[in-house]
Amino acid sequence: MVRLSAYLAATAALALNAQAESMYSKKSGVLNIASSDYDRVIAKSNYTSIVEFYAPWCGHCKNLKPAYEKAAQSLAGIAKVAAVNCDEEMNKPFCGQMGVQGFPTLKIVRPGKKPGKPTVEDYQGPRSAKGIVDAVKDKVPNIVKRVTDKNLDEWLQENKNSAKAILFSDKAVVSATMRALAIDFAGIISVAQIKKTEKTAVEKYGVTDFPSLILVPAGSDEPIKHDGKVEKEAMVKFLSQVAPPNPDCPGPKEKKPKAKKESKKESKSSSKFAKASASHKSADSSSAAASATDETIVEPIAATESPDPNVKTEDTPDPVELPVGDTKPAVPSAADAAELQSLCLNENAKTCILAILPPDDASDAAMSAMSVIASLGAIHKKHGSKLFPFVSVPPSNSLAATLRSELSLGTDDTIHLIATHSKRAWYKKYPGTTFGAQEVESWVDAIRMGEGKKEKLPETLIASGEQEAVKEKVAEQEPIQINVEEILEDAPEHNEL
């Protein structure tokens, strides 16, 4: 992934003549959507989605493409895999509104408590088909009832006026495929899962093979057994004898005869995003290519075609205006030893968080960590509070190798997070190996609250003399809590019914 801070370091003129083009074909398993499609196809859908915000000339986006298309094949019929081309003029205000600061940006969108108000969160996992598939499946809501011998009669009585579908399985966990099937028929058919060890239920319906799906029509006790494959497409066809499944999303509205004029706000936002995007393209042409894992995760579901584009509706959110002026990096970078000493490593400097970057500072681990600490800083800023400085240390900074050696941080092929307090001569290492939002946040909170063991910072790393220290005031506030709606489901075992 390439950061927005890298956009502005290159000349925009090299990219101004580029024409926007889609990276995914219409027959791809990936849905090509425009800003005007998002509200109808994604936000108002009953299904979980993952959306990629990309530019077709972005090298990291091109490297992600094979894995993203494989993920789309595996998730077909379970969740939506979509992509927005942020290089298209009509999409630039929307990409700015969605907080896109680099390409590719991946966001998981899942239904919220209120219709049309989904929960949106950044995907910061592996840029591989398996990583994407696992993360999206974990976010598919579960409305499948787990039934046992003890509550079978009660469940049947509660749903006596509706058709019922029961999957008998040797698994205790409800698969993503089964959860998606229940969403297809929500409000039409009550769906349950019974484990094969529930002998009374198994004998009642004469089930001998596992997994097996049966349909019990409304007002009847006689089951209809599904003789086909226990796969999504076949099961949907079987249950459709009761009624067709729920529509995927609202239908497109008819095109208005006169197009709405672009507002000044949209124009200004689009212009700023265009300038940043043009500069990003130039910077990206010289960046290191990202790696994508070539792994195959295929479920027997045919890929679907992208829907026809839809015009902007009155429900489509207004785009936000990008900040005026030059966009500053989310995490400041100390380019040389003198700058780092001035900021954090002098006898007057207080707490700093240093992100010591590997040679490829666009790696998944590096970008994940940088994204998390930038987000934490943004949360404090939003609430009018200040947090101690976050500073990235590129490998070109001579002190990067010194810090790794003096503090025994390990190899230079991964990012290292450390907290330093030069005035009191201590430092703390980030203990984790992954950089999830909650993990990094907890570590930062522990530092802020003065918790945990501190190690002595070597005097050789602390500059003496009249180095200008960064003044910081640690806000006295409760630890940040990022609320994520829970999925009412145990950790699922994927690709299993």
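Modeller: The model is predicted, so local features need pLDDT of at least 70 and side-chain atom pairs pLDDT 80 or more, while totals for chains, interfaces and linings use all residues. Residues are numbered from 1 along each chain as its sequence is written, and side-chain values use heavy atoms, without hydrogens and water.

Colleague: What makes up the protein chain, in helices and strands?

Modeller: The protein chain has 14 helices and 15 strands; these are DSSP runs numbered from the N terminus, of at least four residues for helices (H or I) and at least two for strands (E). Of its 497 residues, 48% count as buried (under 20% relative accessible area with a 1.4 Å probe, protein chains only; exposed is over 50%, partly exposed in between).

Colleague: What makes a set of residues a nonpolar core?

Modeller: The members are buried Ala, Val, Leu, Ile, Met, Phe, Trp, Tyr and Cys residues joined through side-chain atoms within 4.5 Å. The largest such core here has 47 residues, and Ile50, Phe53, Tyr68 and Ile132 touch the most other members. Elements giving two or more residues to this core include strand E2 (49–54), helix H3 (59–75) and helix H5 (129–138). H3 gives the most, with six residues. Another core lies apart from it, with 20 residues, among them Cys344, Leu345, Val391 and Leu399.

Colleague: How many residues of H5 are buried?

Modeller: Seven of the 10 residues of H5 are buried, and the helix is mostly covered. Among them are Ile132, Val133 and Lys137. The buried residues of H5 pack against E2, H3, E4 and H7.

Colleague: Which peptide bonds are cis?

Modeller: One joins Phe103 and Pro104, with omega about -10 degrees; Pro104 lies in the loop between H4 and E4. Phe53 touches both Phe103 and Pro104. The bond from Phe210 to Pro211 is also cis, with omega near 0 degrees, and Pro211 lies in the loop between helix H8 (199–204) and strand E9 (212–216). Most peptide bonds are trans, and most residues other than glycine have a negative phi.

Colleague: Is Ser408 buried or exposed, and which is Ala425?

Modeller: At 57% relative accessibility, Ser408 counts as exposed. At 18%, Ala425 counts as buried. Ser408 has a positive phi, near 50 degrees, and Ala425 has a positive phi near 60 degrees. Ser408 sits in the loop between helix H13 (398–406) and strand E13 (416–421), and Ala425 in the loop between E13 and strand E14 (426–429).

Notes
Contact = heavy atoms within 4.5 Å. Lists of a residue's contacts leave out its neighbours within four places in sequence.
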